[in-house]
Amino acid sequence: MADYDVIIIGGGPGGYVCAIRCAQLGLKTACVEGRETLGGTCLNVGCIPSKALLHASHSYHEATHNFAKMGLIGKVLTVDFPKLIDYKDTVIKQNTAGIEFLFKKNKVDWIKGWAKLTAKGEITVGSDVHKAANIVIATGSDSTSLPGVEIDEKMVVSSTGALALSKIPKSMVVIGAGVIGLEMGSVYARLGTEVTVVEYLDHITPGQDAEIAKTLQRSLKKQGLKFILGAAVQSVETLKTKAKVHYKLRKNDSEATLDAEIVLVATGRRPFTDGLGLEAAGVALTKRGQIETQGWKTNIDGIWAIGDVITGPMLAHKAEDEGMAVAETIAGQHGHVNYDVIPGVIYTTPEVASVGATEEMLKEQGISYKVGKFSFMGNGRAKAVFAGEGFVKILADAKTDRILGCHLMGPSAGELIHEICVAMEFGAAAEDIARTCHAHPTFSEAMREAALACGDGAIHA
Ligand code: NAI
């Protein structure tokens, strides 16, 4: 007789959401988590703490750059960095404690420790054995490094170390112009660090709409970030007081070095399955080390997997959706995730958000489309708050007007994108957005204007 209907391994956004949904659906549920707090990478060393640092550093930037323009003049602000880090730690505590409360409220048992699959329908945590009819693996991902680059979390740090530096560094080299590199690079650039981003590709933010990527790079450059593109980092040497980054320019193979107090390695993450006993359990992996799944089922009956350990974007909200879908499937319902409508957000200033196809993807697929664009310079609210930089781009089918994708850079982009997500879920046309009354003055009006631009034209363009 099993102890539980479902045991979930991993208490991050995929795992804890799955656990709560299982319990809500009447399944006897436990979640195994070895960290001292629930919430996984996202709440402890990822999304949430980085947003705290982004908020604090953005506020500092506003105060030092825009307050005087509005006649708000006072003493010069300074940064008490240890206090800033304390604020971030408080935010983490509040959020992780919140998940613990939700577990209690929903009667989810938290099994503390690291789980190992030991037999069919059985896991071992320390010396305790637990049995379940269903096991869901939600063990997430871990930072990767490069050959020749050793992360010591002191001078050469991953995102985890970058969230817990002891002081503001004078200089920082960021390896990789992906989401982590640009978000953390922004934080330190705003606090006064000289930040240089070294990126292998000839553009930043791989997979992003090319026009948005270019505009974002221009904006970040204005904010003081330096970029070296088309450069492959070969190794990092740590000396007494600085690190030396060796890179090769791809166009001519020439070699160069950069010195910095701190090097942030932000070259991607890998599925985390260490110590789980997957091989002994016979769970099949892809070539990239992800757990192979079909409808979140692994090749072993009764073992499921979700989130960063399987294929697809490594995003907390994708994992959450999979967590709910798996719970519903186990409970005999019809779990569903629409992988075509998963938004992505970069929390720089201006923010970047996107959903659906990019122009590059549509061209490659030979789909004829139209573009509706609108600049935030034409949005009264944005101009009033110094946020006129950026634009909204809606891509719609040339014949049917159905929305195929949306990409924007501008104020609250990460919130605005959801209007399009809902529209896409309903199979809406750009005209549906264009004919919907939007309150004035709001940033949302820019979404409507871009939709209008897919038809007879935007009004304020
Ligand atoms: P990433 O995959 O987004 O970017 C890594 C970058 O490093 C790429 O542009 C790549 O070309 C570059 N690179 C690789 N090797 C290099 C070398 N030798 N020299 C120079 N550049 C090199 O990875 P990142 O930023 O580490 O993020 C990891 C994951 O976490 C991503 O899946 C991301 O979506 C997710 N994440 C999402 C956030 C959000 O939604 N706001 C925030 C933070 C992370």
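I began with the second largest pocket and found that α3 (47-65), α7 (210-222) and α12 (413-425) each supply at least two residues of its lining. Helices here are DSSP runs of H or I with at least four residues, strands are E runs of at least two, and both are numbered from the N terminus. I worked on a predicted model, where local features need pLDDT of at least 70, side-chain atom pairs count only at pLDDT 80 or more, and totals for chains, interfaces and linings use all residues. Residues are numbered from 1 along each chain as its sequence is written, and side-chain values use heavy atoms, with hydrogens and water left out.

I noted that α3 gives the most to this lining, with eight residues. By class, I listed nine nonpolar, 14 polar and eight charged residues in the lining of the second largest pocket. Ala, Val, Leu, Ile, Met, Phe, Trp, Tyr, Cys and Pro count as nonpolar, Asp, Glu, Lys and Arg as charged, and the others, Gly among them, as polar.

I then turned to the ligand. I found 23 residues around the ligand, the closest being Ile180, Glu199, Val233, Gly268 and Val345; a residue is near if one of its heavy atoms lies within 4 Å. This shell divides into 16 nonpolar, four polar and three charged residues. I saw that α6 (179-190) and β12 (231-238) each supply at least two residues of the shell.

An oxygen atom of the ligand lies 2.9 Å from a polar backbone atom of Gly268. For Val179, the distance from a polar backbone atom to a ligand oxygen is 3.2 Å.

Terms used
Polar contact = N/O pair within 3.5 Å; in protein donor to acceptor, adjacent residues only side chain to side chain.
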